[in-house]
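Dear colleague,

I am passing on the structure below, and my notes on it follow. Please read them with the coordinates open.

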2 protein chains.
Amino acid sequence: MDATPVWFMRQAGRYLPEYRALRDKHSLLELCHTPDLAAHVTLQPIRRFAVDAAILFADILLPFEPLGLGLSFAAGEGPRIARPIRDAAAVRALPILEPEESLGYVLEAARLVARELPPHVPLVGFAGAPFTLASYAIEGGASKTFTRTKTFMYQTPEAWHLLLDRFADFTGRYLAAQARAGARALQLFDSWVGCLSPADYRRYVLPHSRKALSLAAAADVPVIHFGTGTGPFLEDFAGAGGDVVGIDWRIPLDAAWGRLRNGQGIQGNLDPAALLAPREVLRRQVREVLDRAGGRSGHVFNLGHGVVPETSPDAVAFVVEQVHGG
Amino acid sequence: MDATPVWFMRQAGRYLPEYRALRDKHSLLELCHTPDLAAHVTLQPIRRFAVDAAILFADILLPFEPLGLGLSFAAGEGPRIARPIRDAAAVRALPILEPEESLGYVLEAARLVARELPPHVPLVGFAGAPFTLASYAIEGGASKTFTRTKTFMYQTPEAWHLLLDRFADFTGRYLAAQARAGARALQLFDSWVGCLSPADYRRYVLPHSRKALSLAAAADVPVIHFGTGTGPFLEDFAGAGGDVVGIDWRIPLDAAWGRLRNGQGIQGNLDPAALLAPREVLRRQVREVLDRAGGRSGHVFNLGHGVVPETSPDAVAFVVEQVHGG
């Protein structure tokens, strides 16, 4: 295929009426826990759009349930972690998980989806990166300043590194297990790592992301390493690994690509808010991303973060057309 | 003075017990509205620390009251705007404000503080930048994704530019009025501008920041142009104006300084979370900022954003000592 491939983070989600209809009957966690439903939701955007990949419907925080941290989602709000990790003892008390046992339902959903997808549409599996998982585990939910996370990191570096090592080990094996279940690409989500200074990224996070990515690479499918706000330390972020680096809209795609390691592809990087713009603005912004990629192979078109709930499905269809029309 | 000057954004605030004692008796808005109290709060950190500047106690959203938008602060939460701006008609209906009439109480507080301060401690006045003001006015409060703001910007660009022009005009004149009232430096806060792509900053924001900064420059005192997440478009951000550019911790200070316009100084850039770290980590991080500045004149030491409430006053004192000890 000559056209640039395109898929959307959170392409299965709240902006789709057929997803909202299911959510009227089931909670987010019910959808995740039930392989038939998770597979069904994963396939919803595939039925609507000519996207070039399916992203498994799941949540990066699902491992918190078998870890005993207590996960819930309040209506209209973010995740709540009932028993956040606040000291070294809590880190040491974490059980060692086997993905097949603890998150077998996700792997089962992957198997169901892989069976249903047309051969030209690969399934992308995903998991949270060590830093982003740690930030939720420590904060107990979403955060703007990540104050507790950084305090933990600075004050108890040994416990911090143990926690990130645990998450790296689990998340790397979990990604590999998704590949064995049928995922033909994997994405490591380090959504909030951009809150760190470049020096802190290198010292406190990089080795753990490298470990997770190296465990995932063992599955021998392409791995995408995604983060937002990574511009200031992109060389280190890319150096942690991944065949493709996912960037947000805050950095011009060509500038970012020039800073990657030899041979790494790039994924991105339209601002999700651009899908709320009138067609001429959206067209211009899609065009700018494509122009900066310059038609080089190794570019996967995507947003710089997930589709926002206010998005019209028509806007998604329009972007797919624009990208494929090239 | 040979040592690097140092002050802290939000150095008068919730981390100080003497501030919390006042807040037990008065709301945030009461403190702002009462020149004696605002002046008193401004001076609290000056009594404790050997900081080299006082930052006027006020809030960037105070202009929303005379603009009729309805401003309140819910306990423990961010600002709430009762009548957010959601269409072009609302923009056109905004009154034109005279700072002396509409925010005379802030200027009176500035006069009181200027009278009380020792001569070697200048008062810094401040105001919100057009983008950051618009984002609050449109969202109706804080936001993580700025979806409404960007939708407004893309869908109604004429109304957007009119709104930002109004804010630029007011905020520039308001800053100049603070200088006339005794402020010996001014800071324009563009706290949330880092949510934009570099292309969108240039197209939708830069001309308005330039106007605000140019109106402020007429007052003939140094102007600091501060934003977070500005690394990806720092040349444009600095190009908008300011004698000093304030940066956050996400970009190494020397790399940022090298990208500024000829002669611009730099302010920053310790992560506010570093003040929650043990002394040896805090010392290392302060040292790193100072080393990157290399003792060159034109560096003002500050945090990359405001002091967080969890901070111990002792940590602030420690940073001041470290910076002055050089």
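Helices (DSSP runs of H or I with at least four residues) and strands (runs of E with at least two) are numbered from the N terminus, and the expected span of a helix is 1.5 Å times one less than its number of residues. This is a predicted model, in which local features need pLDDT of at least 70 and side-chain atom pairs count only at pLDDT 80 or more, while totals for chains, interfaces and linings use all residues. Residues are numbered from 1 along each chain as its sequence is written, and chains are lettered from A and ligands numbered from 1 in the order in which they are written.

Helix 14 of chain B (residues 313-325) has 13 residues and reaches 18 Å from its first C-alpha to its last, close to the 18 Å expected at 1.5 Å a residue. Within it, B:Val316, B:Val319, B:Val320 and B:Val323 are buried, where buried means 20 or more other C-beta atoms within 10 Å of the residue's own, exposed 12 or fewer, and partly exposed in between, with C-beta atoms placed from the backbone. Seen down the axis of helix 14 of chain B, the buried residues fall within an arc of 100 degrees (taken from the directions from the helix axis to the C-beta atoms), so they line one face of the helix. The face turned away from that buried side carries the exposed residues B:Asp314 and B:Gly325. The buried residues of helix 14 pack against helix 13 (279-293) and strand 9 (299-303) of chain B, contact being C-beta atoms, placed from the backbone, within 7 Å.

Best regards

Note on methods
Two residues are in contact if their C-beta atoms, placed from the backbone, lie within 7 Å.
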